[in-house]
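Dear colleague,

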Amino acid sequence: MTEKSCTLLVHFDKGTPALANEIKEALEGNDDEAKIEAMKKAIMLLLNGDTIPQLFITIIRYVLPSEDHTVQKLLLLYLEIIDKTDSRGKVLPEMILICQNLRNNLQSPNEYIRGVTLRFLCRLNEAEIVEPLIPSILANLEHRHPFVRRNAVSAVMYVYKLPQGEQLLVDAPEIIERFLASEQDLSSKRNAFLMLFNCAQDRAVSYLFSHIEKIIDWGEQLQMVVLELIRKVCRVNKSQKGKYIKVIISLLNAQSSAVVYECANTLVSLSSAPTAIRAAANTYCQLLQSQSDNNVKLIVLDRINELKTSHREILVELVMDVLRALSSPNPDIRRKTLDIVLDLITPGNIDEVVMMLKKEVVKTQGAELEKNGEYRQMLVQAIYSCAVKFPEVASTVVHPLMDFLGDSNVASAMDVAIFVREIIETNPKLRVSIITRLLDTFYQIRTSRVCTYALWIIGEYCLSLSEVESGLATIKQCLGELPFYTASEESEAQDVSKNTQVVNSSTVSSRRPVVLADGTYATQSAALETAMSAPVLVPGSLASVGNLRSLILSGDFFLESVVACTLTKLVLRLDEVQPSKVEVNKATTQALLIMVSMLQLGQSSVLPHPIDNDSHDRIVLCIRLLCNKSDEVKRIWLKSCRESFVIMLEDKKHREIEESKAMAQISNAQPDDLIDFYHLKSRKGMSQLELEDEVQDDLKRATGEFVKDGDDANKLNRILQLTGFSDPVYAEAYVTVNHYDIVLDVTVINRTKGTLQNLCLELATMGDLKLVERPQNYTLGPESTKQIKANIKVSSTETGVIFGNIVYETSSNLLERTVIVLNDIHIDIMDYISPSSCADVLFRTMWAEFEWENKVAVSTVIENEKEFLNHIVKATNMKCLTPPSALEGECGVLAANLYAKSVFGEDALVNVSVEKQADGKLSGYIRIRSKTQGIALSLGDKITLKQKGGP
């Protein structure tokens, strides 16, 4: 049998079910409280499938006469869910008893009883029961209480919508229209207008335009129905849009924020006229300011972001209004606001935007709020993006930002350092002022990683004699007096080390792999682990120990090697700009002394672990170079490093340009674009807004935007055959994947000459898939077709399987059920992931954090490394983060990082490492990492399946 529809949702406690006899005894008593509990138990049993027919007469005799309001309400709920018809669809004779009681309720002196009874009638589908009650329903339209009138209008609407409703209430639209003209209660007017909207749309439109000047004073509920009516009418008749858009714009001044928001959405969906879009965008910006709920702000920002893709030029005018959303302390709102604003920057508004961002940066210094560090990092990244797009603003922002090199928020300070490093190269005029400011503030830097960036900048861009000398002096001052330790300190350290020798030996020998920038692995020692772990913060003050000295004494040997390289570059530069050889030799000697002292410190027992091999070799190399300064060495150290950096920046800029070209599929203005002359178009009494809207519609028709994108070939690819051609029932499914939902549109064809009864499509799922509704039974005539839809919810990015069968009975033998097993439907992970970008630092951080790894061995017939990489990128729908310049050349080895993001916000990381063997075949591994197991396994299966064949 087909499942019945249910209008109630009641919590059911799965305890011991109540017995029908107990319920009957309680109902026959005189205690109203006992009757209430008994009625609740009876309703629970009915909702869970028990029919309990023996209770009906008891309820009619003992519950019907009760005057208790709660008992009467429960009685109506009971009557709502019991079967009122027999197996042939005829109304049961005992239902006549109900009719009399319902008529009495509709004439009750109590307005609550009348109201709930009228609401009950809205859920009755039996015209035979409703027909004798119609005079009482219409009489309630004139009741003094609005609660009764409101529900009476709803009852009229639902009666009129019954299959025979138009015969039962022939003049219902006229009655409701008269009622609407005289009614004052807003809720009753809303229900009356809704009735006309659903049952007599022309009358609703006529009423709207006859009272159009009062629409602003209508209540929120009625205004929302008006907007719904406008959307419905305009979808059917696009030529009428102009006059309705004027109604919407007048509603933009409504008191309710919900109405104003819906007005803006309706404007955007109906019109592309600049005036309408500008009004909607202004509305969104006002809602951003007026609403305090963070969820509302996020929703409005999403709407602005959607508007930005198709109407960017209008939103550019409102960029400062959007920026005011930064006043919210919520980091998600701030991040989304900055993302939108950065896409709306133009030469005309860049100065205002940057000034606003600078003010926000200053505010983060004033108050010590919990999220200030994160917010400051967002602002720094936003200013950095502005300076890259418009280099002329760099001079106004670089110096204020350099104050944050000593920020306690490491990520923010690193972003500033990266920004300064790029600006000093791309803006040569700022080099001198940046170097001077950096040398003045270097002692304030508290973290090792920021120190390494700053030292590289000092080593590369200190060009004049005074700058080189200042650079050497600053580094010496921050390192402090030599040596780094005394003999007494070493002896104390040796005593301590004897007690902890076992621990130290295990610490020194502990080694684990670390992922490098290109995605490959390298072994790192515990010493380097300490250097690359969470940075040590040191107080930055001239009066205290120098920041470099404190970091080096904490065991940061990588920083030691960077200091040695910077000193080497500065001394080599000094050799070129300093005419006095005595001064050059003096600086060389001091630099060598510092390097030797650092080596001694690394090999002493003062620190808990010795220097790692990489740092030791690097410092020794610097010592050798300073002892033997050749022209070739100077060229490599003073020019080649900087040239490589310039190439890296150019490559990055080239990639950004290519990405922007790919994203901008339609240019804003081509040389051969059409120019609209509004004054040449026949106006026919149209307003400017109507004229704009009509022109935009003409353009859409001309460019084919109104034509639905129906890729028939693509649709055919998504049709899956579920049964065989020789089966008595043929079935095929069209699969539609839409983010969190999968819709199966199954076509079932009865290929026999007989009628199939109780045909049911039974489905089950594997993986994180869940069927939304239970299957229904159908009767299928000879050689007839039935379309069955099944909805499935998806909760994670995992390859799922849908399987099942078709069960039916034939008219010749109702006792025997035939089962046809269906082919499995595999849901592809590629429907849920899309290519995305992320920074190298973030990729490596996630790679270290994610615990699920799937390692797939390379097995392919493809013999070219790059061709294989392109094949994997295409097969997995991921983006290659490794720049093309890093993949150039033919060395027989290739390592690349791929990245994608799922619709559920999950990150998928892939590292491809392949090597060409002597026989020309490729070998290696593809490593997949993710936070969840499902995406790692699913991607691994996909790669294993796809990599074997050629492209």
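Aspartate 32 is partly exposed, because its relative accessible area is 31%, where buried means under 20% relative accessible area, exposed means over 50%, and partly exposed lies in between, with a 1.4 Å probe and protein chains only. Its place is in helix α2, residues 32–47; helices (H or I, at least four residues) and strands (E, at least two) are DSSP runs, numbered from the N terminus. Asp31, Asp32, Glu33 and Glu37 gather on the surface in a patch of negative charge. Such patches are made of residues with over 30% relative accessible area and no salt bridge, like charges being joined within 9 Å and nonpolar side chains (Val, Leu, Ile, Met, Phe, Trp, Tyr) within 5 Å.

Please bear in mind that this is a predicted model, in which local features need pLDDT of at least 70 and side-chain atom pairs count only at pLDDT 80 or more, while totals for chains, interfaces and linings use all residues. Residues are numbered from 1 along each chain as its sequence is written, and side-chain values use heavy atoms, with hydrogens and water left out.

Turning to the salt bridges, a search of the whole structure finds 28 of them, a salt bridge being a side-chain nitrogen of Lys or Arg within 4 Å of a carboxyl oxygen of Asp or Glu. In one of them, the side chains of glutamate 111 and arginine 144 meet at 3.5 Å, N to O. This pair links distant parts of the chain, 33 residues apart, with glutamate 111 in helix α6 (residues 111–121) and arginine 144 in the loop between α8 (134–139) and α9 (146–160). Glutamate 111 is partly exposed at 24% relative accessible area, whereas arginine 144 counts as exposed at 62%.

A salt bridge also joins the side chains of arginine 149 and glutamate 183, at 2.9 Å from N to O. Because arginine 149 lies in helix α9 and glutamate 183 in the loop between α11 (172–182) and α12 (186–199), the pair ties together parts that are 34 residues apart in sequence. Arginine 149 is buried, with a relative accessible area of 13%, and glutamate 183 is buried as well, at 7%.

Arginine 817 forms a salt bridge with glutamate 809, and their closest N and O atoms are 2.9 Å apart. Here arginine 817 counts as partly exposed at 40% relative accessibility, while glutamate 809 counts as buried at 10%.

Leucine 141, in the loop between α8 and α9, counts as buried at 6% relative accessibility, and its C-alpha atom is separated by 5.8 Å from that of alanine 152, 11 residues apart along the chain. Arginine 635, in helix α36 (residues 631–663), is partly exposed at 40%; arginine 635 and leucine 572 are 63 residues apart in sequence and 9.8 Å apart in space, C-alpha to C-alpha.

Finally, there are the strands, which pair if DSSP finds at least two bridges between them. Strand β4 (residues 729–738) and strand β5 (residues 741–750) pair in the antiparallel sense over 10 bridges, and tyrosine 734 has aspartate 745 in β5 as its bridge partner. Strand β5 also runs antiparallel to strand β9 (residues 785–794), to which 9 bridges join it, with valine 746 standing opposite isoleucine 788 in β9.

Conventions: Accessible areas come from the Shrake-Rupley method with a 1.4 Å probe; for residues, only the protein chains shown count as cover. Lys and Arg count as positive and Asp and Glu as negative; His and the chain ends are not counted. The place of a charge is taken as NZ of Lys, CZ of Arg, CG of Asp or CD of Glu.
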